[in-house]
Amino acid sequence: MIIDLAKFIAAGQPFWSELDAFLKKLEDDPHRALPLDQSRRFHYLYERAAADLAKLDTFANEPDTRRYLASLVARAYGEIHETREKPHRFEPLHWFMVIFPQTFRRHVNVFWLTVAITLAGCVFGGFATILDPESRHVTMPFGHDQMKPSERVAHEEKARHDRLAGERATFSTFLMTHNTKVSILTMALGMTWGVGTVIMLFYNGVILGAISVDYIADGQGKFLAGWLLPHGSFEIPAILIAGQAGLILGRALIGRGTRKNLAERLREISTDLVTLIGGVGVLLIWAGLVESFFSQYHEPVMPYSAKIAFGLVELAALTVFLWKSGGRTKLPG
Amino acid sequence: MNASRASTLTIRTPEGVTFALLLASPVTRFLAWAVDMACISATMSILGVAFHLLAVFDRDLARALSIVFYFAAQIGYGLICEWLWRGQTVGKRLLRLRVVDAQGLRLQFSQVVIRNLLRFVDMLPAFYLVGGLATLISSRTQRLGDLAANTIVIRSPRILQPDLEQVLAGKFNSLRSHAHLEARLRQKVSPVEASLALQAILRRDEFDPRSRAELFARLAEHFRSLVEFPPDSVEHITDEQYLRNVVDTVYRSRTAAPTVAFPSKL
């Protein structure tokens, strides 16, 4: 049997147009909440369009009308069957002060795992420097292998002019963008079932451990603390949090201990990943500013004790912020 | 839900209705990406001139801004475009592609962010090799970013609007004088055959003259074999006219058809 197509279209078109108008409104303003009567009408129009599509499938094989109806039904289906919370208007302060630390705490076990992996890398890098001094050419990037720490300290302390004069903003933005890219990559490598993230964290630990042991062994521990603490107290936790996001992603891909399918598992963590990496971005902006405008100045321009104290205060503030800000942790679901 | 490598994703709603989304091929996606890269390059070139001028006053600030803007363009272009244009960038718009949720649900902001941030892995080691390979392997042509964000990229080809009025209205149908034979024709023609005839009529101008004549001759022969109309009704009309009469008969009721304005946007 073939339906009378012209009559069918004439009968259905006012309803399809009405549904299309509803959809345009909803798509243009995701925050729009329909009143009850309009919701009912919207649902009725969706069901009617779905029935028309089914009818067209059964009785007539007219591809263009079918495609039009299928696209209408597909759009309406997305609106009707979407059960996830509608996006709220973004409030940056609330997001950073409440949502970000809550999300961090919700996955704090994964954070401790990233700390453990990085520490393992530190131990490896430290031992490598002690047992095989030649390994410095592999474990120390950015030219740290070219000079003994005591030589560098002497060189820095003797400097009579500001090396960063006229370059500070450039250096600062370079640090921010570079570190953010490294953090995003650390998170994104979670797609390798977390293996890539683990390697990135371990490698960062190796660099940190190798350089730290090199400076301490050369009697430059105070310089090292004064140099690293002011920006490192934000930068290192930021990389760890990026690693936390990467391992959360890896865990969702592996899916051990849950009966949910892959799509559901990924859907569950998507907002948390975005929150964590967004928070990392904010922390790295601060770290970039401090590294450029503060960390690179040494005695006699700036006393190491002041730099160390500043770094410790930052670290304490960040710890309190991550563990206390935002009140009680919101449990999933 | 069902995905086949034949580039469609079929979604069955709880109401029992099925609709298919056309998946974008890796090549089309690559072309859209190339267009997007060209847009970013063009924007950065224009901004580069502005930064060059700014450098006359403050070189440090100009260089810092250029680093920030380049970074923002790299990360933010896809993110902002896809969020504001509901899954489209300039390249995707040009090639009629769109990012949608893999379950057919509403695209969320977090999905847009994740699929764009995971480009960092898809781009490895160069020229989207990882992402490209992933789209070739994936049954839903998803790169790793799509997989993590639970999104797919679909193709929405321009659909030509069939205009039944233009094709059929006002034309004399010689088959109408034999109501009982028309009824038998409606009964015998299957939906597939009817669709074939309708599409042939709607697209008749797309064929070259020889193919057009051959096609309509074959179709007319087939439909003539289904029901035999008296010679006086059919012998003086061309194959194309005959087929048009058949389409008119099977798609319209005998009562006067209402004037139809087809949905303007398909």
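In the predicted model, B:Leu243 touches B:Ala197, B:Ala200, B:Ile201, B:Phe216, B:Leu219, B:Ala220 and B:Phe223, residues up to four places away in sequence not being counted; two residues are in contact if their C-beta atoms, placed from the backbone, lie within 7 Å. B:Leu243 belongs to helix H13 (residues 239–251) of chain B. Helices (H or I, at least four residues) and strands (E, at least two) are DSSP runs, numbered from the N terminus. With 25 other C-beta atoms within 10 Å, B:Leu243 is buried. The term buried applies to a residue if 20 or more other C-beta atoms lie within 10 Å of its own, exposed if 12 or fewer, and partly exposed in between, with C-beta atoms placed from the backbone. Between B:Leu243 and B:Ile201 the C-alpha to C-alpha separation is 7.7 Å, at 42 residues apart in sequence.

The model is a predicted one, in which local features need pLDDT of at least 70 and side-chain atom pairs count only at pLDDT 80 or more, while totals for chains, interfaces and linings use all residues. Residues are numbered from 1 along each chain as its sequence is written, and chains are lettered from A and ligands numbered from 1 in the order in which they are written.

B:Ser66 is buried, having 20 other C-beta atoms within 10 Å. Its contacts, apart from neighbours within four places in sequence, are B:Gly48 and B:Phe51. B:Ser66 and B:Phe51 are 15 residues apart along the chain, and their C-alpha atoms are separated by 6.7 Å.

Chain B as a whole contains 13 helices and 5 strands. The chain is divided into domain 1 (2–155) and domain 2 (164–251), with bounds that come from an automatic or database domain assignment. The centres of domain 1 of chain B and domain 2 of chain B, taken over C-alpha atoms, are separated by 47 Å. Of the 266 residues in chain B, 36% are buried. Among contacts in chain B with a separation of 6 or more, 64% involve residues 24 or more positions apart.

For chain A, the domain assignment gives domain 1 (5–81) and domain 2 (92–324). The C-alpha centres of domain 1 of chain A and domain 2 of chain A are 51 Å apart. The secondary structure of chain A consists of 12 helices and 0 strands. Chain A has a radius of gyration of 28 Å, well over the 20 Å that the globule rule gives for 333 residues, so it is more spread out than a compact globule. The radius of gyration is taken over C-alpha atoms, and the globule rule is 2.2 Å times the number of residues to the power 0.38. The C-alpha trace of chain A spans about 90 × 40 × 35 Å along its principal axes. Buried residues account for 41% of the 333 residues of chain A. For contacts in chain A between residues at least 6 apart in sequence, 84% join residues at least 24 apart.

Helix H8 (residues 168–188) of chain A has 21 residues and reaches 30 Å from its first C-alpha to its last, close to the 30 Å expected at 1.5 Å a residue; the expected span is 1.5 Å times one less than the number of residues. H8(A) is mostly covered, 16 of its 21 residues being buried.

The largest nonpolar core has 89 residues, and those with the most contacts inside it are A:Ala49, A:Val73, A:Ala188, A:Leu273 and A:Ile277. A nonpolar core is a set of buried Ala, Val, Leu, Ile, Met, Phe, Trp, Tyr and Cys residues joined through C-beta atoms within 7 Å. Helix H10 (residues 221–254) of chain A supplies the largest share of this core, 12 residues. Neighbours within four places in sequence aside, A:Ala49 is in contact with A:Phe15, A:Trp16, A:Leu19, A:Leu69, A:Leu72, A:Val73 and A:Ala76. A second, separate core of 18 residues includes A:Leu5, B:Ala197, B:Leu219 and B:Val250.

The model scores ipTM 0.84 and pTM 0.78. The pLDDT, the predictor's confidence in each residue, from 0 to 100, averages 86 in chain A, where 91% of the residues score at least 70. Chain B has a mean pLDDT of 82, and 87% of its residues reach 70 or more. Over residues 254–266 of chain B the pLDDT is below 50, and this stretch has 24 contacts in the model beyond near neighbours in sequence.
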